[in-house]
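Q: I am new to this structure and would like to go through it step by step. Could we take a look together?
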Amino acid sequence: MTARPKRLRRCQLSVPGSSEKMMTKAAALGVDFVFLDLEDAVAPSEKRASRGRIVDALNNLDWGRSVRCVRVNDLTTEYAYEDIIEVVEGARENLDLIMLPKAMSAADVQFVDKLLTMMEKKLGLKKRIGIDVLIEEVEAMMRVNEIAASTPRLECLIFGMGDYSASQGVSIRDIGGSGGYPGDIWHYQRQQMTIACRANRIDAVDGPFADFRQPDVYREEARRAMILGMVGKWAIHPSQVEIAHDVFSPKPEEVARARAMMKAYDEALAKGLGAVQYEGKMIDIASVRIVKNITDRADQIGM
Ligand code: COA
Ligand code: MG
């Protein structure tokens with residue numbers, strides 16, 4: 001079994017695959033992760049033609065260090081299998097992952113896994129194409145543990161609160177916020193999905209926030225997701241990218257403090273102590289495990 005590649009997903013930018021202009025713009029933004037969309041951002045009349053536009057964009061634009069993904073249509077549509085086949089055959093190694101929306105069960109992810117395995121063999125691809133999956137139906141939330149464990153090819157689950165609101169009957173007007181609900185309306189779902197992801201060593205990412213003229217609310221939504229252990233958030237507009245990169249990067253002073261705490265703990269251990277005072281508070285091995293998440297992130301980002 002090949003190990004899962006480590007990829008940065010502080011921001012996953014959604015780009016309509018029908019728009020050559022937006023794909024060109026997206027390639028130059030320096031975003032961690034871009035997904036070119038064949039699903040909801042593309043009208044049915046444009047879906048087939050957009051596959052070719054996406055293949056051209058993947059093959060001909062300079063994507064720099066951005067991870068390149070394509071969101072296909074869901075498995076109940078007439079589009080999904082040809083989306084995968086045309087995009088993978090056309091872009092080959094210029095594609096890193098397929099994103100599957102509206103998964104209902106582990107079997108849905110396993111179907112895409114098997115199709116990709118066949119295609120990698122036929123095309124002789126040198127690298128494995130990963131899968132990211134959207135959790136955006138109540139059935140998927142109920143089975144999130146099975147979905148998270150469905151295949152080693154799976155790298156990340158994303159909480160898609162737009163379709164999820166519709167699926168559960170949540171009555172809020174705009175995609176992404178709490179809409180007047182007392183407290184955080186997505187607390188349970190974000191927790192549930194993040195626990196399933198961490199238990200299976202895959203990434204948890206928070207979905208879209210539609211009101212892109214409210215950067216402060218977007219930042220707060222991203223911060224809530226980050227505190228719970230998610231590694232990134234979607235952007236639907238270029239103005240959201242920097243905010244997500246910032247929220248999901250540890251601050252230099254946090255990293256320095258984490259490294260200093262680990263050093264203090266090692267020194268305590270050398271003296272035969274398991275728990276000591278640090279900055280006036282108790283630290284022990286659990287404190288070190290918590291801050292190791294920060295230093296691991298910093299190492300991944302190259303801080
Ligand atoms: N990716 C790349 N470029 C984008 C972009 C995106 N997601 N969203 C906007 N842009 C570009 C615009 O083309 C425009 O470029 P220009 O300055 O060169 O003309 C610039 O960013 C500013 O855009 P703005 O004029 O503020 O908005 P708009 O009216 O062009 O686009 C949306 C607004 C909502 C239609 C657009 O952001 C969009 O389509 N977002 C993605 C939607 C999507 O993927 N939905 C499915 C997932 S939830
Ligand atoms: Mg959706």
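Q: Is Phe-159 buried or exposed?
A: Phe-159 counts as buried, at 0% relative accessibility. Buried means under 20% relative accessible area, exposed over 50%, and partly exposed in between, with a 1.4 Å probe and protein chains only. This is a predicted model, in which local features need pLDDT of at least 70, side-chain atom pairs count only at pLDDT 80 or more, and totals for chains, interfaces and linings use all residues. Residues are numbered from 1 along each chain as its sequence is written, chains are lettered from A and ligands numbered from 1 in the order in which they are written, and side-chain values use heavy atoms, with hydrogens and water left out.

Q: How many aromatic pairs are there?
A: The count comes to five. Rings of Phe, Tyr and Trp (its six-membered ring) pair if their centres lie within 6.5 Å; planes under 30 degrees apart count as stacked, over 60 as edge-to-face and the rest as tilted.

Q: Which kind of pair do Phe-159 and Trp-186 form?
A: Their pair is edge-to-face, with 5.3 Å centre to centre and 65° between the planes. Phe-159 lies in strand 6 (residues 154–159) and Trp-186 in the loop between helix 7 (161–168) and helix 8 (187–199), so the pair ties together parts that are 27 residues apart in sequence. Helices (H or I, at least four residues) and strands (E, at least two) are DSSP runs, numbered from the N terminus.

Q: And Trp-186, buried or exposed?
A: Trp-186 is buried, with a relative accessible area of 0%. Ring pairs also link Phe-159, Tyr-164 and Trp-186 into a cluster.

Q: On to the ligand. Which residues come nearest to ligand 1?
A: Of the 13 residues around ligand 1, the nearest are Ser-14, Lys-21, Met-22, Ile-236 and His-237. A residue is near a molecule if one of its heavy atoms lies within 4 Å of it.

Q: What about polar side-chain atoms there, say in Lys-21?
A: One in Lys-21 lies 2.7 Å from an oxygen atom of ligand 1, and one in His-237 lies 2.7 Å from an oxygen atom of the ligand. For Ser-14, a side-chain N or O atom is 2.4 Å from a ligand oxygen atom. A polar contact here is a pair of N or O atoms within 3.5 Å.

Q: Which elements supply the shell around ligand 1?
A: Strand 1 (11–16) and helix 1 (20–27) each supply at least two residues of the shell.

Conventions:
A polar contact is a pair of N or O atoms within 3.5 Å; within protein, one must be able to donate a hydrogen and the other to accept it, and residues adjacent in sequence count only if both atoms are side-chain atoms.
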